[in-house]
Amino acid sequence: MAMIREILALVFLTAFLFINLVLMLMRTFGSLAGMTWRKVLRLNIPENEKRGWERLFTLLWLAIGAWAVLKLWNWSLVGLTASLFGFLAFRSGANITRTLVYGLHDQRIIEEHTDDSAVLGIIGMATKLSILLETIFVVAFALAYKALSVTLSPNGMSANTIILSLWLAGLAFGLLFGWFIARNNCGILLRNAIATVGFFATRKGKKKTEEAVKKVKKAPKKFKPKSPRLGK
């Protein structure tokens, strides 16, 4: 039984690490692409007015994740798997609710610039996709639940209980943190999202086109030759 548990832990750990690596690369390249296009096109995207507070979010989930690793670590595949899930549990839960709040906030801000339902739908879909990617943790944890049912202390607290508690705490924290950042904030919180960058790039291009058309229309009036006066 112990050997089967170790094998299952190794399988889930390998699959989880691979999936998270792929998702991490996708997010990183997507964010870099959005940031690059935003700077190259010199887009005027309203900045997050509480950007400094984002460091608190990162520091907090890293601290809680480190505590979880110390709490769950032991020299076995099951212990290693439990430590990894514990390290990411709080962050995963917090990212789901924070992204949801950020996405709803950005949609409301963008509604002030356009009433195009198609554009708002694309931005909403991008937010849903980001949240869906975060649920990979939940699926992986559910699959590994049996393998992680290891009692850690005399009071019966298991790895599953600790990981699930951290994930639920993350959900609550992400919701509160997202609400705090979004409250009275006129900036775009997901500035590097491809859908958001695409909207502002299209808006800027449309605005420049309209200005060029206006100049062309005014040009004939400005340079129209005067009719020669008839002699008396």
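Contact means that heavy atoms lie within 4.5 Å. Helices are DSSP runs of H or I with at least four residues, strands are runs of E with at least two, and both are numbered from the N terminus. The structure is a predicted model, in which local features need pLDDT of at least 70, side-chain atom pairs count only at pLDDT 80 or more, and totals for chains, interfaces and linings use all residues. Residues are numbered from 1 along each chain as its sequence is written, and side-chain values use heavy atoms, with hydrogens and water left out.

The chain contains seven helices and zero strands, in the order α-α-α-α-α-α-α along the sequence. Of its 232 residues, 35% count as buried (under 20% relative accessible area; exposed is over 50%, and partly exposed lies in between, with a 1.4 Å probe and protein chains only). The accessible surface of the chain is about 15000 Å², and carbon and sulfur atoms contribute 69% of this surface. Such areas come from the Shrake-Rupley method with a 1.4 Å probe, and for residues only the protein chains shown count as cover. Among contacts in the chain with a separation of 6 or more, 81% are between residues 24 or more positions apart.

Two packed helices are described by the angle between their axes and the distance between the axes. Here axes are lines fitted to C-alpha atoms, for helices over the stretch in contact, and angles run from 0 to 180 degrees between N-to-C directions. Angles under 35 degrees count as roughly parallel, over 145 as roughly antiparallel, 65 to 115 as roughly perpendicular, and the rest as oblique.

Helix 2 (residues 54-72) packs against helix 3 (residues 77-111) at about 155 degrees, and their axes are 7 Å apart. The two helices are therefore roughly antiparallel. Their crossing is right-handed, a term used if the near helix is turned clockwise from the far one by less than a right angle (left-handed if anticlockwise). On the helix 2 side the contact involves E54, F57, L60, W61, L62, I64, G65, A66, A68, V69 and L72, and on the helix 3 side G79, A82, S83, G86, F87, F90, R91, A94, N95, R98 and Y102. By class, this contact has 14 nonpolar, five polar and three charged residues; Ala, Val, Leu, Ile, Met, Phe, Trp, Tyr, Cys and Pro count as nonpolar, Asp, Glu, Lys and Arg as charged, and the others, Gly among them, as polar. A66 of helix 2 is partly exposed, with a relative accessible area of 37%. The C-alpha atoms of A66 and S83 are 9.0 Å apart, although 17 residues separate the pair along the chain.

Helix 6 (residues 159-182) packs against helix 3 at about 25 degrees, with the axes 7 Å apart. Helix 3 is thus roughly parallel to helix 6. Helix 3 passes helix 6 in a right-handed crossing, and their contact comprises 20 nonpolar, eight polar and two charged residues.

Helix 2 also meets helix 6. Their axes come within 12 Å and cross at roughly 175 degrees, which makes helix 2 roughly antiparallel to helix 6. In this contact E54, F57, L60, I64, W67, A68, K71 and L72 of helix 2 meet A159, I162, I163, L166, F173, F177 and I181 of helix 6. The residues divide into 13 nonpolar, no polar and two charged.

Most residues other than glycine have a negative phi. N184, which is not a glycine, has a positive phi of about 55 degrees. N184 is found in the loop between helix 6 and helix 7 (194-223), and at 62% relative accessibility N184 counts as exposed.
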